[in-house]
Amino acid sequence: YKEAIKANPKLEQAYSNLGLLYTAQKSWTRAMEAFEKALEIKPDRTTSLNGLGSVLFAMKKPEEALKKWKRVVELNPKFESAYYNMGYVYENDDKFMEALKVYNKAVELNPRMADSYYRMGTMMNKKEHPAQALVLLNKAISLEPAGDFVRDARKQISGIKKEFKKEE
């Protein structure tokens, strides 16, 4: 990407991709610089805004991240990962209904988004809605059986089933 930028300093996609690469390396400052440069060239590039939001969230700036993700869905109402990202901010802020709404929007746009089902299931479990939690957690596992969340989802499912047996 650096070579592409040398050849054409106005190639915003190269800056955006560089930002994604730095994000994967958890090099937050470099990622932010790359995304900001991409946005100088093309201010409404949704992937750059989404990436910058992720970097801001990783840098413990959730309100700034939320603004970026809201802008993403303003520009592209079908950008499902921005809804998921907003849900995570709302969930961490104990804004249950807002989180549920945007996680639901993410799966409405992408019914295979296992992480959203998992997050909703976890929230339902915490809010003591075990039947709904069970359905959502099982859905998440069925969509992504090797997902990072599977161990925790299975643990939650086991706990819910134990509670159901106690009630019988």
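Predicted model: local features only at pLDDT ≥ 70, side-chain atom pairs only at ≥ 80, totals over all residues.

Reader: Which side chain does Lys-37 meet in a salt bridge?
Author: First the idea: a salt bridge is a side-chain nitrogen of Lys or Arg within 4 Å of a carboxyl oxygen of Asp or Glu. Here Lys-37 pairs with Glu-40, at 3.6 Å from N to O. The two residues both lie in helix α3, three residues apart, about one turn of the helix. Helices (H or I, at least four residues) and strands (E, at least two) are DSSP runs, numbered from the N terminus. Glu-40 is exposed, since its relative accessible area is 58%.

Reader: How many salt bridges does the structure hold?
Author: There are eight. One of them joins the side chains of Arg-45 and Glu-12, with 3.1 Å between N and O. This pair links distant parts of the chain: Arg-45 sits in the loop between α3 (28-41) and α4, Glu-12 sits in helix α2 (residues 12-24), and they are 33 residues apart.

Reader: Are Arg-45 and Glu-12 buried or exposed?
Author: Both of these residues are buried.

Reader: Where do Asp-44 and Arg-71 lie?
Author: Asp-44 and Arg-71 form a salt bridge whose closest N and O atoms are 3.0 Å apart. Asp-44 is in the loop between α3 and α4 and Arg-71 is in helix α5, so the pair ties together parts 27 residues apart in sequence. Asp-44 counts as partly exposed at 41% relative accessibility, and Arg-71 counts as partly exposed at 30%. Salt bridges that share partners join Asp-44, Arg-71 and Glu-74 into one network.

Reader: What describes two packed helices?
Author: The angle between their axes and the distance between the axes. Axes are lines fitted to C-alpha atoms, for helices over the stretch in contact, and angles run from 0 to 180 degrees between N-to-C directions. In this structure, the axes of helix α4 (residues 46-58) and helix α5 (residues 62-75) come within 8 Å and cross at roughly 165°. That makes α4 roughly antiparallel to α5. Angles under 35 degrees count as roughly parallel, over 145 as roughly antiparallel, 65 to 115 as roughly perpendicular and the rest as oblique.

Reader: Which residues make the contact?
Author: Contact means heavy atoms within 4.5 Å. Among the residues involved are Leu-49, Leu-52 and Phe-57 of α4, and Ala-65, Trp-69 and Val-72 of α5.

Reader: Is Asn-85 buried or exposed?
Author: Asn-85 counts as buried, because its relative accessibility is 15%. This residue has its place in helix α6 (residues 80-92). Leaving aside neighbours within four places in sequence, Asn-85 is in contact with Asn-50, Ser-54 and Trp-69.

Methods. Residues numbered from 1 in each chain as written. Heavy atoms only, no water. Buried < 20%, exposed > 50% of the residue type's maximum accessible area, 1.4 Å probe, protein only.
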